[in-house]
Amino acid sequence: MTEGTANGTTRGSALRDRLSDFVSQLAAAGALIVVFVFLSFASPDFLTADNLFNIGSQTAVVAVIAVGMTLVIITAGIDLSVGSVAALAGVMGALLMSSVGLPMPLATLGGTLVGAACGLTNGLLVSVAGLNPFIATLGMLSVARGVVYIATDAQSVFGLPDSFRLLGQGVVAGGVPIPVIIIIAVAIAGYVVLSRTKLGRYAYAMGSNLEAARLSGIPIRRYLTSVYVISGALAGFGGMIAASRVASGQPNYGIGLELDVIAAAVIGGASLFGGQGTVVGTLIGAFLIALIRNGAVLLNVNTFYQQVIIGVIIWAAVFWDQYRRRKMASASE
């Protein structure tokens, strides 16, 4: 094969990947619009400013953490610890305010750094110790949950300053919730990282073919660890937002949260096999899950059915991912 032919094949493969990503995002956006239109007619309380802003606020935690999860999934990894890490970070941040007396910004930074430290541990276990990401982060899930119970004796942390409520409950001019502003800021940062930095390019390369990425000179350990640090830091920040929403540190927070976060990324087009995923798609997935949960509450649907519906959507997303990969493999032969 000549160099020109090889370059043409590579460009063709990249074009198919982008087209596949676009189709996946289009399908997720179509589902989001269908659910939105349905709820607009089904419930008179849905299409109100208060409810829509409430959906935005409720989506913040999942959306923020899902941006980090998307990075991890693009590298063909997984982070099952984000729910426990969010609980640990929220509680530690709350303790820094209530027991140590740190001001809200420093305590929020402290909670975020706790999450980053957990992510660093995950990253080192995966990239240096060579553990499977599923096993490494499953262990962190248990460790972080155990530590938060030990630190609090399984009791909630109260006595937080009123200023802390701004992070999860505050609004800016025009009544726009601060959590919505946070979603936009984190999404822009995530988009820039994925599309304009070495880390983003290397994440796609590592997820597409780890060995080829290694042979091409990419420092795998450094960048793979960095991806997990970002995921942990965003989980920690998400935990601080959640703690602010209830004005307390809750050791039981985040049980099952990792499922919503992974679902948001997968529904938005991120491939569990690595190499594909976008921040825009993940946000669409996060808002679709939030709409389903909000609609279920407005229509008095049993909460257990929410899990069934989201599970079926995940099946459909993964089936679509496998189908498009088979088609792409056939096209490249």
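## Helix assignment and the nonpolar patch

Helices here are DSSP runs of H or I with at least four residues, numbered from the N terminus. In this predicted model, Trp-320 falls in helix α13. Trp-320 is partly exposed, at a relative accessible area of 32%.

Trp-320 belongs to a nonpolar surface patch together with Leu-19, Phe-22, Val-23, Leu-26, Phe-319 and Tyr-323. The accessible area of these residues together is about 700 Å². The largest share, 4 residues, is from α1.

## The second largest pocket

The second largest pocket has a volume of about 600 Å³. Its lining consists of 29 residues, and those nearest the centre are Gln-58, Val-62, Tyr-253, Leu-257 and Asp-260. By class, 15 of the lining residues are nonpolar, 11 are polar and 3 are charged.

At least two residues each come from α2 (49-74), α3 (82-100), α10 (220-246), α11 (257-267), α12 (279-298) and α13.

## Salt bridge at the pocket

Side chains of opposite charge can pair when their charged atoms come close. The structure holds 3 salt bridges. One of them joins Asp-260 and Arg-293, with an N to O distance of 2.9 Å. Asp-260 is in helix α11 and Arg-293 in helix α12, so this pair ties together parts 33 residues apart in sequence.

Asp-260, which is among the residues nearest the centre of the second largest pocket, is buried, with a relative accessible area of 12%. Arg-293 is partly exposed, at 21%; the cut-off for buried is under 20%.

## The other two salt bridges

Arg-214 and Glu-211 form a salt bridge at 3.5 Å, N to O. Both residues lie in helix α9 (residues 210-215), 3 residues apart, which is about one turn of the helix. Arg-214 is partly exposed, with a relative accessible area of 43%, and Glu-211 is also partly exposed, at 43%.

Asp-162 and Arg-165 form a salt bridge at 3.9 Å, N to O. Asp-162 counts as exposed, with 60% relative accessibility, whereas Arg-165 counts as partly exposed, with 37%.

Methods. Residues are numbered from 1 along each chain as its sequence is written. This is a predicted model: local features need pLDDT of at least 70, side-chain atom pairs count only at pLDDT 80 or more; totals for chains, interfaces and linings use all residues. Side-chain values use heavy atoms; hydrogens and water are left out. Patches are made of residues with over 30% relative accessible area and no salt bridge: like charges are joined within 9 Å, nonpolar side chains (Val, Leu, Ile, Met, Phe, Trp, Tyr) within 5 Å. Accessible areas come from the Shrake-Rupley method with a 1.4 Å probe; for residues, only the protein chains shown count as cover. A salt bridge is a side-chain nitrogen of Lys or Arg within 4 Å of a carboxyl oxygen of Asp or Glu. Buried means under 20% relative accessible area, exposed over 50%, partly exposed in between (1.4 Å probe, protein chains only). On a 1 Å grid over the protein atoms alone, a cavity is a set of points where a 1.4 Å probe fits but cannot get out, and a pocket is an open set with protein on both sides within 12 Å along at least five of seven lines; lining residues have an atom within 4 Å of a point. Grid points are joined across faces, edges and corners, and a volume is the space filled by probe spheres set on the points. Ala, Val, Leu, Ile, Met, Phe, Trp, Tyr, Cys and Pro count as nonpolar, Asp, Glu, Lys and Arg as charged, and the others, Gly among them, as polar.
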